[in-house]
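Subject: Structure handover

Hi,

Here is the structure I promised to pass on. Have a look at it first, and then read on for what turned up.

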Amino acid sequence: MSIESIMGDLLVHAPAMIIAIPLLGAFLTPIISRINGTLRNVFVISIMGLTSLFVGVLANDIFTSRVIKTYVFGGSQELTSPVVRILLEIDALSMFMAMIVLIVAFVAVIYSWGFMKEYTGLDKYYTLVLLMTAGMFGMVLTGDLFNFFVFLEITSIASCALIAFWTTKGESIEAAFKYIVISAIGALFVLFAIAILYGQYNALNIATLASVMKYTFLDKVALVLLVGALAMKAGIVPMHMWLPDSYGRAPASVTLILVGATQASLYGVFRVCFTLYGKSLSLTNNILGLEDGFPLALGTSLGILVVLLAIVTMLVGVFMALKQSDFKRLIGFAAVAEIGYMMLGLGVALLSIEPTGLSGSGLMALKGGIFHIFNDALDIGLMFLVAGAVYWATKERSLDKLGGLARNMKYTSIFFVIGLFAVAGMPPFNGFASKLLIYESVFQISPILSIVAILSSIMLLAVFVKVFHSVFLGPAIPKFKNVKEAPISLLVAMIIISVLIVFIGIFPEMFLNNIVGPATDALVNYSGYIDAVVLGGM
Amino acid sequence: MIYNIPFIAVAALILIGLYAVVFKRNLIKIVIGITLIECGVNLFLITLGYREGGIAPIFTNLPSGTSATMALPVPQALTLTSIVIGVAVLALMLALVVHIYRHYNTLDAREVRRLKE
Amino acid sequence: MLDFLNPLLETFKTGSGFWHPIIWIIVAVIALLIAYIVRGFGNKNYKADSGQTQSFLSGNPEYEKEQMHVAGSNVYWGFLESLKWLYNILNKMHNGYINDYVLWFVVILAILFIVLGVI
Amino acid sequence: MTEMSKVVRTITSLSFPFILIYGLYVIAHGHLTPGGGFQGGAIVASALAMIIVAFGSKWVLDRIKEKNISLLESVGAICFILLAFFGLTYADPVFFKNFVVDNPYLFGQVVTDNAANINTAGVIPLMNFAVGLKVIAGLFVIVLVLAYASTAMEGKK
């Protein structure tokens, strides 16, 4: 066997392996952890390493050749029409999201080594982490709506159990209960919408559905249910209340993966709007059901709503973050505000879509929104990791009681400063690049939106300066005199994310051209997505 | 009309479930509400697979020489998957309610709110 | 030889503007250098451990160092105070009832139904 | 939950094997009749739940450790995924390939007539066994732990 044939085999089976290997690892973990705790940690990290090998091979192929890959389970790889197979369909956007999932999961596993050391029940913890990773990979890679629902539920159940991992604390349990109620209802409405689509078109495949979409009354109902439920899972104001609760109370390593899970739901919104209903976006419908009043294209009416929700999301997020006194809950509200930026990019792109396609500032806004998904996962993730390191060292989460920690935790405070600048969109870190894209392209549509976005960014800076002041600066507090620096695995996890932040911040154009650009093109070009599966195209 | 009854039942189940989740204060009742929504969605899926005069989709069940209509098995498979997931979610929610009762000594949703503002 | 650097050093174009991070970093470093030089012009006769370093609080006694730290919830007190009307609304919104979380979802669904012209 | 009256315990002991056999039958015939791993597993698990109700969770926990049941559940899941992985080792490799088809011994026969032949369907019955094992263990441990938790809560009062 030559190297090329092995690489070819890896490439052919990579889509299935990306989901299957974490799944296998998840169920092997309880058995291996009976032997030894250290062996289990090494095993979990090596499982993630193996997964990243497959992700790397597949990403390299997809971003260089810009093809759409499909993988059919259990049968020949040749597709027949109509598609009745269970298949994965991977375009550049799926791969982009898979990279985010890989980064957050990998870093979280490394972080867990030191962070969760003193707790028991770690075999279940790692099982759930790997299960959640598999679920998120499935959500972003699948080409089948029902499988999307199944993976959504796998992710929700695993993450809910992880939020409630510290069962000795009432707040953790409460947060987990709120999370599971929200995600169960959201997922059930997603399933209802899928059933409506299935009842009409007798298909579950996203590409097939998109090719036969007629935008009837029932399709509108399905669109509303899908967008509403997935937006709730993504944490859009006013359906965001579960997000600070669960982000604030989960262990920090879990919170990092939760950021990825939230963004996988956001990926669902993007996919539904642009691929599933891509053909219908320029169709006209009458608002309020009037016969002759307010004829607006679907893209416009949905875009107005998404932009309004995005503005509210940014403002409510920062205003609530400003008054929090709990470290992780504050970052949770900041995460809500960051989601607003991605939604703003999506909404502006929807607003400026035309029958011929998307171009100019609308495309740039969408690029900014997608770019920001990556940056948000890194920035907010780094913030949560720092909060976790502070909690590890002091067992304290209230900003009122913390103080003067920069003396004892030098490296952690440096990472916090990097994260602070990145979240607030200060050059030369990555947050600035994507936010600049959003500001400038949104300015073409409406200056007010741009001003609100910049204002919210400034307030984010103010929020995190407050945190920096009250946690790391100030006189040494006697209670924390003997606080130690975070252990090596926590520092390694933070270093990985910081290096990525600085790298993307200094070389944004390369990242934009090679990774974000193909992802955006793949999202906008829905006919390419359809052609890859449905024979004979549309 | 008779064929619409399942769909009316679907709407009724989902609305009753939502009512229970939104207006009931007992956590167990909220869990029951979610289960009702799930039942509604499952009923909707299974109704979609109904064919008049169809028989169960078992390959060996088909009387030889005839060509009876078989009900489509896909919605049934979807429903089964959804039921399996529902069991997991239900078990998880009940376990969390047990824990909440242990920590808060109440099942009133208005008092289980240490996380607010 | 250094061709592989070319894609890294491209200017970041946003469609309506551009930005080059490397140049920005160089400028920032120069600005910091200037600031450092200006700092060198400062007062030379500063002595540590003398009366110069004592803080003067209008004749009031100085508190212990631990009590001087402004706690997290006291930062931006004025801002929160002046926007009390807004925060009252937001606090009412974030009341922590699980029922209301779902109610908001139903409200958003209703708005979506109306905006997309279903109803 | 403490144990219930002698009548209940006797009836449970009597009916337990029948429910068990029926559940295993549903698992084994999953590829021929309505049912399969989950449904049969749920039936078996309900028999086990009946034991928990009749004899009390403490009685059950004295005999079998919750940790061991969890292990059994993992084994079921691993079997399922490994069966999917084995599809990669045969000619024309695909994940989830039905690799045991076309052999006369183990579920490999191809259906030719209309008779219910249990020795068919390839990898599907094997996966049904794996899922059945997982569901039995999973549901059993859920009911057991929930029952034990509520017992502990009653004891605290």
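What pattern does chain B follow, read along the sequence? Chain B goes α-α-α, with three helices and zero strands. Helices (H or I, at least four residues) and strands (E, at least two) are DSSP runs, numbered from the N terminus.

Some housekeeping before the rest. This is a predicted model, in which local features need pLDDT of at least 70 and side-chain atom pairs count only at pLDDT 80 or more, while totals for chains, interfaces and linings use all residues. Residues are numbered from 1 along each chain as its sequence is written, and chains are lettered from A and ligands numbered from 1 in the order in which they are written.

Staying with chain B for a moment, 32% of its 117 residues count as buried. A residue is buried if 20 or more other C-beta atoms lie within 10 Å of its own, exposed if 12 or fewer, and partly exposed in between, with C-beta atoms placed from the backbone. If you take the contacts in chain B between residues at least 6 apart in sequence, 51% of them join residues at least 24 apart. Two residues are in contact here if their C-beta atoms, placed from the backbone, lie within 7 Å.

Now for how the chains meet. Five pairs of chains touch, and the pair with the most contacts is A and C. On that interface, 56 residues of chain A are in contact with 45 residues of chain C. The chain A side of it has 35 nonpolar, 14 polar and seven charged residues. For these classes, Ala, Val, Leu, Ile, Met, Phe, Trp, Tyr, Cys and Pro count as nonpolar, Asp, Glu, Lys and Arg as charged, and the others, Gly among them, as polar. Between chains D and A, the contact takes 15 residues from chain D and twelve from chain A. The chain D side of that contact is made of ten nonpolar, four polar and one charged residues. Chains C and D do not touch, and their nearest C-alpha atoms are 23 Å apart.

Helix α11 (residues 298-323) of chain A packs with helix α3 (residues 84-93) of chain C at an angle of about 100°, and their axes are 11 Å apart. Axes are lines fitted to C-alpha atoms, for helices over the stretch in contact, and angles run from 0 to 180 degrees between N-to-C directions. That angle makes α11(A) roughly perpendicular to α3(C). Angles under 35 degrees count as roughly parallel, over 145 as roughly antiparallel, 65 to 115 as roughly perpendicular and the rest as oblique. Val316(A), Phe319(A), Met320(A) and Lys323(A) make the contact from α11(A), and Leu86(C), Tyr87(C) and Leu90(C) make it from α3(C). By class, that is six nonpolar, no polar and one charged.

Another pair lies within chain A: helix α5 (residues 145-163) and helix α10 (residues 252-276) pack at about 155°, with axes 11 Å apart. These two are therefore roughly antiparallel. Among the residues making the contact are Phe148(A) and Thr155(A) of α5(A), and Leu258(A) and Gly268(A) of α10(A). The contact has seven nonpolar, three polar and no charged residues.

Also in α5 of chain A is Phe146(A). Is Phe146(A) buried or exposed? Phe146(A) is buried, with 23 other C-beta atoms within 10 Å. Leaving aside neighbours within four places in sequence, Phe146(A) is in contact with Ile194(A), Leu204(A) and Leu78(B).

Most residues other than glycine have a negative phi, and most peptide bonds are trans. The bond from Val237(A) to Pro238(A) is cis, with omega near 5°, and Pro238(A) is in the loop between α8 (217-234) and α9 (242-249) of chain A. Pro427(A) and Pro428(A) are also joined by a cis peptide bond, with omega about 0°. Lys395(A) has a positive phi of about 55° although it is not a glycine, and counts as exposed, with 8 C-beta neighbours inside 10 Å. Tyr76(C) has a positive phi too, near 60°, but is partly exposed, with 16 other C-beta atoms within 10 Å.

Cheers
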